[in-house]
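Opened the notebook to go through this one piece by piece. Notes follow in the order I looked things up.

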Amino acid sequence: MSDSVKLTYNDETFEFPLIEGTEDEKGIDIKTLRAKTGLITYDPGYKNTGSCESSITFLDGEKGILRYRGYAIEDLCENSSFIEVAYLLIYGDLPSEEELNKFSKEITEESIVDEDLKTILKSFPKTAHPMGVLSSLTSALIAFNPVAVNVDSDAEMRFAVVKLMAKFPILASWTHRKGKGLPLNYADTKLSYVENLASMMFKRPNDVYTQSPVVVNALNKLLILHADHEQNCSTSTVRIVGSSHAGLFASVSAGISALWGPLHGGANQAVIEMLEAIQADGGDTKKYMAKAKDKNDPFRLMGFGHRVYKNFDPRARIIKSAADEVLTELGIDDPILEIAKGLEKEALSDPYFVERKLYPNVDFYSGIIYRALGIPTQMFTVMFALGRLPGWIAQWMEMRKKNEPIGRPRQIYTGSTDRKI
Ligand code: CMC
């Protein structure tokens, strides 16, 4: 097997080395392409472009495999807590009991934000989209923690990680509570990370909040499933913003904005809105299937298709059965679940979807669970962000520790040539 690639251009042959990962995927190392040939590559949407070497997450879109640091997503969902998975992503290995206790204790100690943040939150209209609010509040955290982190200091990096892991659920749940007109409460230091999140989100001021194992398990699974997904749009955003040496909080704030879009994390909100629209329109799934296939209609079947998964999305499989479980255990009969299953069944046997390898993705069923847990539709992408946080942190740290160069793609200019006024 050859370990290089030859490119012939203008009768000259240039050789470029192959780079190989631990799971046998190969790439052409074109770092010297422009210097040697004067050419650049053209790849809109980076469909064929590897932006980095990474040892965090592996996914095989053809085989439907997703692993964090070598552990299968199915295994982690079954046997680990979200905070263990966060530790795994950020530090490379699952924590020992002692490491886990230390990490959790540090997070608990930092689970408080400056009271002045409430003033910032209060200045948003109640109708503001929670993703915009969350991104702004995460950015605002910088003002309250202005010291730049020395990335060569493990202690400083650890402190920045702990602070963000601790404060982010507070910002997210306050964003939710503000929308609901509920008081901005704090967590209970005796609870676990996910229990705290549930408590901060759902606790009513006139009632004691009783933890439900169904809710905690569902949240735990959902957060784990969303925790990382290699070089997706928001993660690439976090890495590219961080590559300018912008800080962790600023980079994550940018990642939240990238996640917001309906083609990325915002799809979970778009899926439920689509299912509700189909229900309100009489439940005619065939009509919407036809719209999705009509090239003159901008409508897409939200929650279907993936840039990388071309067989099935392993996260969707886990979420689908979790949705069934949660609805049964909570005794909820949601007609929207039936519409979703109907759409999936039709799409899986429709040549348009089969030929294009379009399968349900992680967002197709997650919204049904969030809905069953009483989370408003506009908050769905915030839930995704809560899960994705450790992935963003891990990817940002990896990029900074490797001292990667500033991200700066080139272009093929197609505008006017030299003009005079
Ligand atoms: N409904 C109808 N047609 C679709 C869909 C869809 N959901 N997704 C892709 N196609 C068609 C598309 O029109 C194109 O057809 P043609 O070859 O005839 O032009 C073909 O399939 C390939 O699509 P693409 O847009 O070139 O594929 P992509 O890799 O650039 O986009 C995607 C991937 C996820 C953005 C896209 O499938 C999509 O828009 N899906 C709906 C939004 C969604 O569910 N997003 C969540 C992604 S998973 C969560 C996450 O990780 O963010």
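Started with cysteine 233. At 46% relative accessibility, I have to log cysteine 233 as partly exposed. This is a predicted model, so I keep that in mind throughout.

Next I asked how far the sulfur of cysteine 233 is from the closest cysteine sulfur. It is 14 Å from the one in cysteine 52, which is too far for a bond, because a disulfide needs the two sulfur atoms within 2.5 Å. My disulfide count comes to 0. Looking from the other end, cysteine 52 is in no disulfide either, and its nearest cysteine sulfur is that of cysteine 233. Cysteine 52 is partly exposed, with a relative accessible area of 23%.

Moved on to the hairpin. Strand E4 covers residues 57-60, and I find 4 bridges joining E4 to strand E5, residues 65-68, with the two running antiparallel. Threonine 57 stands opposite tyrosine 68 of E5. The hairpin leaves 4 residues between E4 and E5, and in that turn glycine 64 has a positive phi of about 70°. Are the faces of E4 buried or exposed? Both are covered: Thr57 and Leu59 are buried on one side, Phe58 and Asp60 on the other.

Then helix H6, residues 130-144. I get 15 residues and a reach of 21 Å from first C-alpha to last, close to the 21 Å expected at 1.5 Å a residue. Its buried residues include Pro130, Met131, Val133, Leu134, Leu137 and Leu141. What do the buried residues of H6 pack against? I noted four helices: H5 (116-122), H7 (154-180), H11 (248-260) and H18 (380-401).

A quick look at proline 335, which lies in helix H15, residues 335-348. I log proline 335 as partly exposed because its relative accessibility is 43%. Proline 335 is 52 residues from glycine 283 in sequence, and their C-alpha atoms are 9.6 Å apart.

Last stop, the ligand. I see 23 residues around it, and those that come nearest are His264, Arg300, Leu301, Gly303 and Arg307. A polar backbone atom of leucine 263 is 3.0 Å from a nitrogen atom of the ligand. Lysine 295 puts a polar side-chain atom 2.9 Å from a ligand oxygen atom. In the side chain of arginine 356, an N or O atom is 2.9 Å from an oxygen atom of the ligand.

Conventions
Residues numbered from 1 in each chain as written. Predicted model: local features only at pLDDT ≥ 70, side-chain atom pairs only at ≥ 80, totals over all residues. Heavy atoms only, no water. Buried < 20%, exposed > 50% of the residue type's maximum accessible area, 1.4 Å probe, protein only. Pairing = 2+ DSSP bridges. Expected span 1.5 Å × (residues − 1). Contact = heavy atoms within 4.5 Å. Near = heavy atom within 4 Å. Polar contact = N/O pair within 3.5 Å; in protein donor to acceptor, adjacent residues only side chain to side chain.
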